[in-house]
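Got your viewer open and a selection tool ready? Here comes a short walk through one structure, stop by stop.

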Amino acid sequence: MNWLTGWKKKIRINVKNILKKRPTQDEETFFKTCPQCKKIFDSDTLVKSFYICECSWHFPLPPKLRLDSLFDSPYEIIEAPKNINPDPLNFEVKGRYNYSDKIKAYRKKTGQETCLLAGSGLISGMKAVVVVFNPLFGGGRFGIHENEHFLKITDFAVKEQVDFWLCCYASSGIDVHGGVTALYGMPKSIIAMNSIKQANIPTFALASRGTAGGTYASSFFMHDFIFVECSSAEDILFSGKRVTANILKGTDSIPSGFGTGIGVFKAGLVDKVLNDRKDLKDTVAKIAKIILKKEELETKNVEEAHENQKDFKKTASTTS
């Protein structure tokens, strides 16, 4: 029995190693398979299609590409604050990992200090700040360093009196490795959003894909307008279906669209489900212009220019 037990252990270890090496849907590989229609795409094709499959499935969009698509021209990156310890508890799972090592790996993989990438510039001629969560950075978890980065971005938006604020969520929730210190991120992010509201800056939230846990329960619902990127978006919820089913204990059935873009829209939790991510810039810009009365100003300027041209022609004809 000893040789058989040892043989089984070796097989189990080999299988685990093989599964560990298999790339997940979030990892950057040259080829990606659409989870919906199973079509295979290479990276170049995905970039050209804006990471949208022919069946309308939306692959995760790299944060840098999202910022490039939204801003009219070159924009300024709002860097993360320095000298912040993202792992004050020195969290360790013995025999498995140190959390500080994981953070280093996330930074090396994404080229970011935190899971947030933020930019400031012009969108359709209006000053804007855009914040994008990167799911490749620990599933987009909102940790201690992310919280301080978020506060710095909001302070920048208020100080610069931008026309509007847009936050694109793709977050698995609050980072539990930081304990209570990390949980402070929920009230702090709410206070930060309130400071933007007090500055009369319109705010927009986009659930670009899974948005869950403490992030979903805090700053996400503090925005004036909340959109879902596409109908195929999933996991827009506080807790997953299995956890929710255990809480309900079978007393209530979970709706078929639970946590999906269409489901949260029907439940009245979001304002709009976009056809696809290409509609985001135009949708946000139109609403912002209405709120800020930019359309009226543009119309007035055109009318004044037209009247001035008429006066000029009339004066010119009289003098001649």
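What follows is a list of things to select, with a note on what sits at each stop.

**Before you click.** This is a predicted model, so local features need pLDDT of at least 70 and side-chain atom pairs count only at pLDDT 80 or more, while totals for chains, interfaces and linings use all residues. Residues are numbered from 1 along each chain as its sequence is written, and side-chain values use heavy atoms, with hydrogens and water left out.

**Stop 1: the largest core.** Select Val-129 and Trp-165. Of the 40 residues in the largest nonpolar core, these two touch the most other members. (A nonpolar core is a set of buried Ala, Val, Leu, Ile, Met, Phe, Trp, Tyr and Cys residues joined through side-chain atoms within 4.5 Å; buried means under 20% relative accessible area, exposed over 50%, and partly exposed in between, with a 1.4 Å probe and protein chains only.) The elements giving two or more residues to this core include strand E7 (126-133), helix H5 (144-160) and strand E8 (164-171). Helices (H or I, at least four residues) and strands (E, at least two) are DSSP runs, numbered from the N terminus. The largest share, 5 residues, comes from H5.

Now show what surrounds Val-129. Leaving out residues up to four places away in sequence, Val-129 touches, among others, Ile-78, Ile-153, Phe-156 and Trp-165; contact here means heavy atoms within 4.5 Å. Apart from this core lies another, of 21 residues, among them Leu-70, Phe-227, Val-284 and Ala-285.

**Stop 2: helix H5.** Which helix residues are tucked away? In H5, the buried ones include Ile-144, His-145, Phe-150 and Ile-153. The helix has 17 residues and reaches 25 Å from its first C-alpha to its last, close to the 24 Å expected at 1.5 Å a residue (the expected span is 1.5 Å times one less than the number of residues). Click His-145: it counts as buried because its relative accessible area is 3%. Not counting residues up to four places away in sequence, its contacts include Ala-80, Pro-81, Arg-107 and Glu-113. After H5 comes Gln-161, whose phi is positive, near 50 degrees.

Stop 3: Colour E9, E10 and E11. E9 and E10 pair in the parallel sense over 4 bridges, with Ala-207 opposite Val-228 in E10. E10 and E11 (residues 272-273) also pair in the parallel sense, over 2 bridges, and Phe-227 has Lys-272 in E11 as its bridge partner. Two strands pair if DSSP finds at least two bridges between them.

**Stop 4: Ser-69.** Is Ser-69 buried or partly exposed? At 30% relative accessibility, it counts as partly exposed. Look for Ser-69 in helix H3 (residues 63-70). Beyond its neighbours within four places in sequence, Ser-69 is in contact with Phe-50 and Lys-281. Ser-69 and Ile-123 are 54 residues apart in sequence, and 9.7 Å apart in space, C-alpha to C-alpha.

**Stop 5: helix H11.** Select residues 280-291. The 12 residues of H11 should span 16 Å at 1.5 Å a residue, and its end C-alpha atoms are 17 Å apart, which agrees. Buried residues in H11 include Leu-280, Val-284 and Ala-288. Lys-293 follows H11, with a positive phi near 60 degrees.
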